Amino acid sequence: LTTSPVWITSDGIGGTGYAAQFPVDVVIGGEQMTATACESKTWDTFTRSETDSWGVSDSGHTWDLAAGSVTERSVDGSQGLVVLSSAPSTIRFQQIIADVTDSEMMVAITPDQVATGAGFLPGIMFRGDGSRFYRCRLVLGTDQSVGLQVVENVTAIGSTVSLRWTYSAATKIWLRARMDGWRIRGRAWADGSSDPGTGQIDEVVPAGPNSFGSYGVTTSTFAGNTNVSPTFAYDAFDVITPQVMTVTRSVNGVTKSHARDDAVQLANPAYIPL
């Protein structure tokens, strides 16, 4: 888990071109290891076809679907789809069942319509356990406005942040969010524009029992939405951190156990002269 720029990846989304940088020697508590690979914990480009399912991600994780009907979910060869065919304000969960604590995720979201009656609410979910969860979600308004909210279960925390651009049907929107402790930060940008690089929303949620849980994406609307079977496409899902390294251990002859939160560093860092 990193709190600053992440390690380069040897595979997964955004990893192309870095495989040649491996192996990399790292050190943890005096034990030197050789990392032969470093990957996102989970990634998915949805380059497969599925009916009534999202299947298994590119990283080998099975998508679990909760709420709504499985017939509302599919993969079309390039995107994971969710169709709100009825009761659109009911939250549909597309999640990876796991015990993840702090994390950062990114996904591309494309609605096929502009919201009518009430807004769309697709988002990223943290630490779900079936009854309690946290979200950073888009608020796609009936006036084509785009906003961001931090949510505990169904309760918005703080104010909605309005962004200075609009969406239309088929606008691809990138959403990136991070949860550290009880702090959630997020940002969004339209495909083709630049990642703003800093959080546009930053809220602290009430501390609760969920220090870890499942992660993924959610799909719903505000009550009163009148769209007919709006469809949301998800692509390029990536758990940016935590990351997973494949290592050969004890290459310097040191053998020991390590505690949670022990620092991982380059064994031979490069120094730039002044």
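Strand S11 (residues 134-140) runs antiparallel to S12, and seven bridges join them. Strands here are DSSP E runs of at least two residues, numbered from the N terminus, and two of them pair if DSSP finds at least two bridges between them. Across this pairing, Leu-138 stands opposite Leu-148 in S12. The two strands make a hairpin with four residues between them, and Gln-144 in the turn has a positive phi of about 70°.

On to the next partner: S12 is also antiparallel to strand S13 (residues 155-166), through six bridges. Here Gly-147 has Ser-162 of S13 as its bridge partner. Two residues separate the strands in this hairpin, where Asn-153 takes a positive phi near 55°. S12 itself (residues 145-152) is mostly covered, with seven of its eight residues buried (under 20% relative accessible area, 1.4 Å probe, protein chains only).

Before zooming out, a word on the source. This is a predicted model, where local features need pLDDT of at least 70 and side-chain atom pairs count only at pLDDT 80 or more, while totals for chains, interfaces and linings use all residues. Residues are numbered from 1 along each chain as its sequence is written, and side-chain values use heavy atoms, with hydrogens and water left out.

Now the whole chain: it has zero helices and 20 strands. Its radius of gyration is 20 Å, close to the 19 Å that the globule rule gives for 274 residues, so the chain is as compact as a globular protein of that length (C-alpha atoms; the rule is 2.2 Å times the number of residues to the power 0.38). Of the 274 residues, 47% count as buried.

Notes
Buried means under 20% relative accessible area, exposed over 50%, partly exposed in between (1.4 Å probe, protein chains only).
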